[in-house]
Amino acid sequence: MILAVLRVMLLSLVRDRGALAMAFVLPPLIYVIFATIFAATAGDEVRLRVAVLDSADAAVTRQLAAAIRAEPSLRQTATAPQSRAQLEQMVRLGEADAGVWLRADPSLPPTEPPILIIGDAARAMAAPIVAGQVLRLFGELQAASGVQRASPLVERMEVTQAARAPAAVIYYAGAVAMLFLLFSAMHGAMSLIDERQSGLIDRLPAGAVGAGVAVGGKFLFLVLQGVVQTALIFLIAGVIWGVDVTSRLAEWLAITIGAAAMAAGLALAVAALARTRAQAQALANFMVLVLSAIGGSMVPRFLMPGWLQDASWLVPNAWAIEAYHGLIWRDAPSADIATAVGLLVAFGVGASALAWAVLARERRM
Amino acid sequence: MSAPALSDPVPRVVVQGAVHAYGERRVLNGVDLSVKAGEIYGLLGPNGAGKTTLMRAIAGRLRLTSGSVRTADDRRAVGYVPQDIAVYPHLTVRENLEVLARFAGLQAGAIKASVARVMADAALSARADQICGTLSGGFQRRVNICASLLHDPAVLVLDEPTVGIDIEARDAVHGLLQQLRQRGTALVLSTHDLDQAELICDRVGVMVAGRLLVEGAPSALISATFGEDQEVVIALRQPASDHQVPALMAEGLAVTDAPLLWIGRAPARTINVAALSQSLEDAGLQLREVRVRKPDLAALFRAVLDRAGAP
């Protein structure tokens, strides 16, 4: 009898394409994607963005600056800083993962360490990595040209942030909120498939109007649910770690509504495009895992390879996570927040429109 | 069958030359049909005959490839009862009906009265606050129908409204349909329950491969097809062996889908049950029952399918 049950399970699996995909296609695919991302974060593919300011303008510092710029494991920022204040600001705004200020000639008698590495606590690993690379490059320079080395050579500092909570706590509030926004929106949107299969949706007016009612009502609910869900995460972050969103509450709410709209739209599009619950479930799981990994819900984007960091800007999770982080950690300007919110809302509305169009076409009269 | 209450001679539904195709496959092949107020019209046919497609077209849920469907007023005048239970399982009966009344386009002020009316009609008032998913199949069927009556449609289209429920629940649904008929609602229903169709339908149409092959009042169709013939039903204890089959066929009997059941027709005056039984027993057949009966809608249905060469 046990074998009979086993046979039923086996036949059911073989005849259910969604379950087959979930069991045997998605795991290797997800593995390849995760391995690419996570292996790179611990390996030599990490290419931190560095801003270099050579205030000393000595022969040695010019050589060192050139060596840093040529170093393949580092990327240069598009803008070259002209002052220490600008260098700090670039790090604070996240334009650079770390700043290198060559403030004095290392070959002269030391009054203070001639190289200052400026980091951000939100990217705690970036400054030590850059400091190590600078020391290595200086060592190579020293060996090649016999330059005398000041001691100590390098000093590190962090740009100050207004937030009281640890940077990782702030980062993961947004990152985890995005992960679960997608999960719960996908779960909620599945009702669209059930209602199509039972004929409930046929009780709505025919054609585009009825499709608009079905998609619009679910979209509003999922946005509302997402806002409450995200508010709970930030409330707990506030109570336990002192993460404060009250000083810019309206902008936090705007990001949250945008993020919830994005998740709702995406989930409804998946539910509208899928023919069965199994198909939708497989597609939803795949999308949530991949978007979360690439978008930065699992590891911060700055630890990803450069090409993946660039590619991740195509993923809406990244817009929301960076917007939350910018708002709470870096005190980012309102224009940056507005851009992220605009993109999120546009994505959510666009995806919902796709769901509506699919449904309207299916029920066209 | 009760007499039709055709108080309104103007058809509430008129289907002309209905054709519908999914790609190259035609599921409706030129159907003409009309249903009057206070009439129950039963669509019969094997699976895949096109019944559901035709009903979705009448209900305004599907656009025909060609041909037309005209209903009494506008599309709101048509109520559609899907085959599956199309209500929210986690809502109570009342909550479901209130939500579905909004879907049907009722204004807020009219919803409570409308919900109370349909619950009373379907004897659901006592269950108003029960979660739908916890109701028995019969009560869920009633809610399913009520949900399509909230806007008091002139035409009600029902796709197998009594499938999967017990006789008591079926009778309750029949009672509800009869009430609607009395009030002048035009009802179009599909069913595989031919006893039900014969009992409650004023007219039936038999569809095969997207065409309506015969149409009319059940008694008239049966008379026209069989005249004075009676149906002879032979139930065997064991399937007939190859050498016994000719004996059955010689008596004008044909096997049905059930191998133990053979059916034939003959004028009543020529049927001699004792002689027939003896003849079959002489051929070595073990008879469980020999019955003579008046042909019914099931017999008509089989005859239409045989004529059409349907499997």
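In which kind of crossing, left-handed or right-handed, does H11(A) pass H12(A)? In this predicted model, H11(A) passes H12(A) in a left-handed crossing. The two partners are helix H11 of chain A, residues 316-328, and helix H12 of chain A, residues 334-362; their axes come within 9 Å and cross at roughly 150°. Because angles over 145 degrees count as roughly antiparallel, H11(A) is roughly antiparallel to H12(A). On the H11(A) side, the contact is made by Pro316(A), Trp319(A), Ala320(A), Ala323(A) and Leu327(A). H12(A) contributes Ile337(A), Ala340(A), Leu343(A), Leu344(A) and Phe347(A). Sorted by class, the residues of this contact are 10 nonpolar, with no polar and no charged ones.

Helix H2 of chain B (residues 93-103) and helix H3 of chain B (residues 108-121) have axes that come within 9 Å and cross at roughly 130°, which makes H2(B) oblique to H3(B). Here the crossing is right-handed. Among the residues making the contact are Val93(B), Leu97(B) and Glu98(B) of H2(B), together with Ile111(B), Lys112(B) and Val115(B) of H3(B). This contact has 8 nonpolar and 4 charged residues, and no polar ones.

Finally, there is helix H1 of chain B, residues 51-58. Of its 8 residues, 6 are buried, so this helix is largely enclosed by the rest of the structure. The buried residues of H1(B) are Lys51(B), Thr53(B), Leu54(B), Met55(B), Ala57(B) and Ile58(B). After H1(B) comes Gly60(B), with a positive phi near 80°.

Key. Residues numbered from 1 in each chain as written. Chains lettered and ligands numbered in written order. Predicted model: local features only at pLDDT ≥ 70, side-chain atom pairs only at ≥ 80, totals over all residues. Heavy atoms only, no water. Buried < 20%, exposed > 50% of the residue type's maximum accessible area, 1.4 Å probe, protein only. Helix = DSSP H or I, 4+ residues; strand = E, 2+ residues; numbered from the N terminus. Axes fitted to C-alpha atoms, helices over the stretch in contact; angles between N-to-C directions. Parallel < 35°, antiparallel > 145°, perpendicular 65-115°, else oblique. Left-handed = near helix turned anticlockwise from the far one by under 90°. Contact = heavy atoms within 4.5 Å. Nonpolar A, V, L, I, M, F, W, Y, C, P; charged D, E, K, R; others polar.
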